[in-house]
Amino acid sequence: MTQMDLQPAHGPKASSDADRPVIEMRDISITFGSVQALSEVSLRLRAGEVHALMGENGAGKSTLIKALTGVYSIDAGTVLVDGEQHEFSSPAASQAAGISTVYQEVNLLPNLTVAENMLLGREPRRFGGINVRAMNRRARATLESLGIDVDPTSELGEHPIAIQQLVAIARAVDVEARVLILDEPTSSLDTDEVAKLFEVMRRLRDQGVAIVFVSHFLDQVYEIADRMTILRNGRLVTERMVAETTQLELVKLMIGRELEVLERLDRKVSARTADESGVPVLRAVGVGRKGALEATDLDLYEGEVIGLAGLLGSGRTELARLLFGADSTDTGEVVIRSERRRLRSPRHAIDRKVAFSSEDRKAEGVIGDLTVADNMLLALQASRGWLRPIPQATRTKLVEQYLQALDIRPADPTALMRNLSGGNQQKVLLARWLITEPEVLILDEPTRGIDIGAKAQIQAKVAELSAQGMAVVFISAELEEVLRLSDRLVVMRDRRKIDERPNNDVTVGDVLEIIAGETREEEGPRA
Amino acid sequence: MSTATVPVDSLWDRVKGYSPPPRYLPVLATLGLLVGMFAIGGVRYEGFSDPQVLLSLLIDNAFLIVLAVGMTFVILTGGIDLSVGSVVALSTMIAAKTLELGWPPYLSMAAVLATGTLLGLLMGLLIHYFDIQPFIATLAGLFLARGLTFLISIESISISDPTFTKLAFKTVTFGDYYLRWTAIIALATVAIAAYVLARTRFGRTVYAIGGNESSAMLMGLRVAFTKVGVYVISGFCASLGGLLFSFYILSGNSLHAVGTELDAIAAVVIGGTLLTGGRGYVVGSLLGVMVLGMIKTLISFDGTLSSYWIRIITGALLLAFVIVQRFATRRSS
């Protein structure tokens, strides 16, 4: 195995392929305001091939797709269709060139029939009215050619999501797509349903369609894809044949630092060992949810930080949400301080002193039009009940205390939340939960997208809190951060826990190997 | 129409194929209710089982049927139109006033229809392009139309134009039974609306918007045109209903049809159309109007119950249907 072949190569790898790509995107750059979303990225799609687009969150996959489908306009670079230059100014223009997209959420209409969902907008007509018979016939023919056994006259909503997903593909195919883009098509499907989807994909590939496949599931990529393009931070890393790249290499390419550099990072894991003799503060027994997480066990002890590592979509956020009761569990139960009671809502969890800071701070945390003080006191007020206002003196004291403790800037309680930087917003959210004095704190990506200084302050605060006895579940896409903070490490992959170990000299490389599904022994002695 | 893709159907499969698809169930429930009420009336009251009772229901409620048709389009997209009752009053008033001024009757009718359609267009544009909630936009329409009616005349104006009276009393007889022209127009409206909803791209787009507006947009359907269009249709239907009402009542009055928009909404809901949109049939709305009319007829035949009971039973039925819908949608989602 070549370990050193990790130098990011900008620009496509020289290819010996004689066949000309159906679509070639050359040196595409896109900026949003001052943010460079894509920088000289190239993508080549060949007929009859499944091409996986790989990269972590924010790597630029969806931006690239939206550039191809005409949703975003391109600042620099060219798009060639059959070697001729095209400009896609709108989704319609892209569709006219034979590019069809199926988005992650099924964008169809559950209250109409399967045939209507496939053909609405270009249904066969007779005397100004829709020719239902001809429409059903055409839909049936298309479905049969894809091997999808669905009655076109049935209502779409009667079918499971997987079938709806296939119908969405059938709609895309009916326009005689030459390029089919599937953005996370498997994220809500179970194993059998994925197999069915892959069957259809292979059939289309064999008919000469170029398929772009975006997925966070590495196994699925390895099962279906022929070639892949890897992006990181809006730049092209490389284009590879899937068969010639190991999963470990792929993960390294996606996360993108050289192993040696990673391993030399000084780590500050304390020798603290949590008291595991007592009763766990929080205990998950066989907790699972269909389509989100397989049954998982987890014990969390007082004064302990558990780090959840795994790629996006591995189930780390899903587990956190189940622990907090934000989503309901299908199997298993969450026990808090030996109280056997199923968590039915976040309210239950809050009442039992569990706090959860969501990864999506924009949608699920920050209330931009309220002041910093109001945002901070929200959770405390909610747990007290709205009929018992917090006395003004207490409010002022608490807010001042946390403005200082977390070094929030501006240190002005009356500032509007939306005017704060991302890092400071995140600190306010942290303060919001700390004010409620939780015993268990679940932090999902608390440091995403914030600057180094704020990051360090949050990390320091988490370490301090756990030293004081708080139990913390810490989730981050940055493995270094997880390793630095956690006492115990839980590795997630493909919606299940694949490994749990004390954080004794675990390196980023080790974690990558676990995620990539390879054992350490195969890797040989580490540097 | 074939029922399955597998060529070898067992007998049982074919029998199952005859069971109505679940989407028709609400309409069938309303039909069952209507038949049941008619049967109860027939058993309990002398002369109730006369088919003319049903035909009279159509005649008396012709205008409400037309209003309910327009309302069905709107509700199918997930919207609501509160203005229709006021538009009925405005229509009677415009007809009465223009006739009083000596306009030719057909010009007067055209003026009525144009006014209602224009009002609908205005509300539709407001709702779609200014993103105003249908409830608010049409509430404004309700006040505007009612106010305009008062502006034209505070006093009631009677209609004595021979064309209007002739149309009002013109009947079509089937043996011993008869229907007035107004009822024929109402039934024709239902038939046209049913065709448009089931068989045209516009009609299917109405359902698509009710199912999921952003999906409909992503599928490249003409969402803006359709969304404005349903309010235009509702406005047109309201003014047509107003014309039929003026044939029926032969006067223009600013206090006509107060609260009728709520009757129309009730009829649509009892007819099985989902208030959240995307599901329902115009035939159901026709049946809904018939059920509302049947309640009145039953109570007037009974003679001992006070007319308050009409409202109470209507309310109870409405509640029952909404609860049934709630369960139906929860199961499907």
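Ala, Val, Leu, Ile, Met, Phe, Trp, Tyr, Cys and Pro count here as nonpolar, Asp, Glu, Lys and Arg as charged, and the others, Gly among them, as polar. The model is predicted, and local features need pLDDT of at least 70, side-chain atom pairs count only at pLDDT 80 or more, and totals for chains, interfaces and linings use all residues. Residues are numbered from 1 along each chain as its sequence is written.

A cavity is a set of points, on a 1 Å grid over the protein atoms alone, where a 1.4 Å probe fits but cannot get out; lining residues have an atom within 4 Å of a point. The model holds 6 cavities of 30 Å³ or more. The largest cavity has a volume of about 70 Å³, volume being the space filled by probe spheres set on the points.

The lining of this largest cavity includes A:H216, A:F217 and A:L218, as well as A:R493 and A:D494. By class, 5 of its lining residues are nonpolar, 3 polar and 2 charged. At least three come from each of domain 1 (1-98 + 179-185 + 211-256) and domain 2 (265-353 + 438-523) of chain A, with bounds from an automatic or database domain assignment.

Strands are DSSP runs (E, at least two residues), numbered from the N terminus. In a regular strand the side chains alternate between the two faces of the sheet. In strand 10 of chain A, A:A210, A:V212 and A:V214 lie on one side and A:I211 and A:F213 on the other.

Strand 10 of chain A pairs in the parallel sense with strand 3 (residues 49-54) of chain A over 4 bridges, pairing requiring at least two DSSP bridges. Here A:E49 stands opposite A:A210. Strand 9 (residues 179-183) of chain A also pairs with strand 10 of chain A in the parallel sense, over 5 bridges, and A:L180 has A:I211 as its bridge partner.

Definitions and conventions:
Chains are lettered from A and ligands numbered from 1 in the order in which they are written. Side-chain values use heavy atoms; hydrogens and water are left out. On a 1 Å grid over the protein atoms alone, a cavity is a set of points where a 1.4 Å probe fits but cannot get out, and a pocket is an open set with protein on both sides within 12 Å along at least five of seven lines; lining residues have an atom within 4 Å of a point. Buried means under 20% relative accessible area, exposed over 50%, partly exposed in between (1.4 Å probe, protein chains only).
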